[in-house]
Amino acid sequence: MRFRLFILLIFITVMLLGCEQARQIATPQKGTATGTCTDGTHVLKVGFYAHFAPISYSANKDPVSAAFHTHLGYEADLLTALKAMEGTGLTFSRTAIAEWDSIWLQSAEPTYDIIGGGITILESRRQDATGMPAVVFTSGHIKFRQTLLVRAEDTERLSTHAALNSEVRVGALPGTTGEARLLQLTGFVDADGVLLLGTRVETRDRTVVADGTAAYTITAAGASPNLSGRQHLYPPTETLPQVIYLGDTLGELELLEALVAGRIDAIARGEVGSQEAAHASHGKLVVTAFDEQIEYGGFTLALEDADLAACIDEKLDYLTDNKNIGYGEWLQDPLVFMKRVEQWNTEIQ
């Protein structure tokens, strides 16, 4: 009798454990890699860079305009598709951010849950100013290559980074991979981002000269404090270009205006934006000096939201068909992500 009672207790325990496991599977917790990402009651606050057309940009460049916070572009459509996926619990509110400087770290602050804007995934960008891990990236949903955008008449003269010299003025947006790769590919900095000895740097407040030490460092994750507000780099040799910084107010739009007006000779920027600008120029601008290195862009979330990032990753992988659907496919068919949503919603019914 006691033996039968013991067996019955074991059976009941196993059944209860099985029910609990089934309940957990049926009701996934926030941030698990499958199923619901949130409980659906929390609106995730997205901050997006306002000046990176066609990846992420505002409907109106004027910050006082109501349309400034209307999100357009490739990443805007990705977020809209994420929200439309049934069973994910994802809802977003969006706010435009005009300043690029360390924008990726803003997801670690209470103001935002997610930050986007064509942000290249770099290990150094996961860390705050003290070097401590602060944010996580979603897996890359878009590919980038760095290029030069030049006027059509300069196509041959400025066909490669090796062709640049001290008479060439290259425009760059500070704190971008466009700037960082330009400096790396031309030999302006070493492997750690340290500027060449003798490089003269004009900032908003003063002029400094690099002494060859880490006190004069520029990377895609940031720059030394004494290089903050840099406006012009003058090379120490004739084999390197001048670098002119613009874009504090309107991002790369200021660079494009300067290039067309002849105030600079080239722009160091990603292939996607360069190709778009070249197409819109009707032959006046040309893309040259394609970088062999491939970069991937993603969204950032706070370090403590790593589980949520993993859940969003799964949905992004579905929307992009495991990265087989990217910018090119979206450009050909802007509804491609919503078509994937329809497939998702049909499959889960």
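1. The structure holds eight aromatic pairs, where rings of Phe, Tyr and Trp (its six-membered ring) are taken to pair if their centres lie within 6.5 Å, with planes under 30 degrees apart counted as stacked, over 60 as edge-to-face and the rest as tilted. In one of them, the ring centres of Y74 and F337 are 5.6 Å apart and the planes stand at 75°, so this pair is edge-to-face. It joins distant parts of the chain, since Y74 belongs to helix α2 (residues 74-84) and F337 to helix α8 (residues 336-347), 263 residues apart; helices here are DSSP runs (H or I, at least four residues) and strands likewise (E, at least two), numbered from the N terminus.

2. This is a predicted model, in which local features need pLDDT of at least 70 and side-chain atom pairs count only at pLDDT 80 or more, while totals for chains, interfaces and linings use all residues. Residues are numbered from 1 along each chain as its sequence is written, and side-chain values use heavy atoms, with hydrogens and water left out.

3. Y74 is buried, at a relative accessible area of 0%, and F337 is also buried, at 1% (buried means under 20% relative accessible area, exposed over 50% and partly exposed in between, with a 1.4 Å probe and protein chains only). Y74 and F337 form one aromatic cluster together with Y327 and W330.

4. The charged end of R125 sits over the ring of W104, 4.0 Å from its centre, and R200 lies over the face of Y234, at 4.0 Å from the ring centre.

5. Strand β19 (residues 295-302) has seven of its eight residues buried, so the rest of the structure largely encloses it. Strand β6 (residues 114-120) runs antiparallel to β19 and is joined to it by four bridges, with I119 partnered by G298; two strands are said to pair if DSSP finds at least two bridges between them. Strand β7 (residues 135-137) pairs with β19 over three antiparallel bridges, V135 having A302 as its bridge partner.

6. A three-stranded open sheet has the order β2-β3-β4, with antiparallel pairing. Its edges are β2 (51-52) and β4 (71-72), each with a single partner strand, so one side of each is left without a neighbour in the sheet. Strand β3 (residues 56-58) is joined to β4 by two bridges, and S58 has H71 as its bridge partner in β4.

Note on methods. Lys NZ or Arg CZ within 6 Å of the ring centre and 35° of its normal.
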